[in-house]
Amino acid sequence: EGFSYVDKDSPILTDDVLLFRTPGSVYPHHLAVLIGPNQMLHHPRNQLSRVDDLDGKWLRRLVGVLRYTGKVAP
């Protein structure tokens, strides 16, 4: 709750949630958080969480971006 889809023409910002799917998948099945310019934090299956570049295969698999638009508690 509090997240909205980002328009495809809008830039991706730090703290946005990235939605990915592999070829042949119908629904997104992997998430990451943008933590800096072209740097994302994610948790690949059967691996430790890590930082990867948002390029190449990840950009090809990117199918949506969510941004928190709700209120932040004090």
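Modeller: Asp16 has a relative accessible area of 2%, so Asp16 counts as buried (under 20% relative accessible area is buried, over 50% exposed and in between partly exposed, with a 1.4 Å probe and protein chains only). The model is a predicted one, in which local features need pLDDT of at least 70, side-chain atom pairs count only at pLDDT 80 or more, and totals for chains, interfaces and linings use all residues. Residues are numbered from 1 along each chain as its sequence is written, and side-chain values use heavy atoms, with hydrogens and water left out.

Asp16 sits in the loop between E1 and strand E2 (17-20); helices (H or I, at least four residues) and strands (E, at least two) are DSSP runs numbered from the N terminus. Neighbours within four places in sequence aside, Asp16 is in contact with Val6, Pro11, Ala32, Val33, Leu34, Val65, Leu66 and Arg67, where contact means heavy atoms within 4.5 Å.

Asp15 belongs to the loop between E1 and E2 as well. At 58% relative accessibility, Asp15 counts as exposed, whereas Asp16 is buried. Asp15 also has a positive phi of about 80°, although Asp15 is not a glycine. Another non-glycine residue with a positive phi is Asn46, at a value near 60°. Asn46 lies in the loop between strand E4 (39-42) and E5 and is exposed, with a relative accessible area of 78%.

Leu34, one of the contacts of Asp16, is found in strand E3 (residues 30-36). Its relative accessibility is 5%, so Leu34 counts as buried. With neighbours within four places again left aside, Leu34 is in contact with Ile12, Leu13, Thr14, Asp15, Asp16, Leu18, Gln39, Met40 and Leu54. Both Asp15 and Asp16 are among these. Pro23 is eleven residues from Leu34 in sequence and 22 Å away in space, C-alpha to C-alpha.

Now the sheet around this part. Six strands make an open sheet with antiparallel pairing, in the order E1-E6-E2-E3-E4-E5; two strands pair if DSSP finds at least two bridges between them. Strand E1 (3-5) and strand E5 (50-53) are the edges, each pairing on one side only. Direction ignored, neighbouring strands of this sheet are turned by 35° against each other on average (axes are lines fitted to C-alpha atoms, for helices over the stretch in contact, and angles run from 0 to 180 degrees between N-to-C directions).

Leu66, also in contact with Asp16, stands opposite Tyr5, and its strand is E6. E1 and strand E6 (residues 62-68) pair over three antiparallel bridges. E2 and E6 are antiparallel too, joined by four bridges, and Leu19 has Gly64 in E6 as its bridge partner.

For the whole chain, the protein has one helix and six strands, following the pattern β-β-β-β-β-α-β along the sequence. Its 74 residues include 26% that count as buried, and Asp16 is one of the buried residues. Among contacts with a separation of 6 or more, 42% come from residues 24 or more positions apart. The C-alpha atoms fill a box of roughly 35 × 25 × 20 Å along the principal axes.
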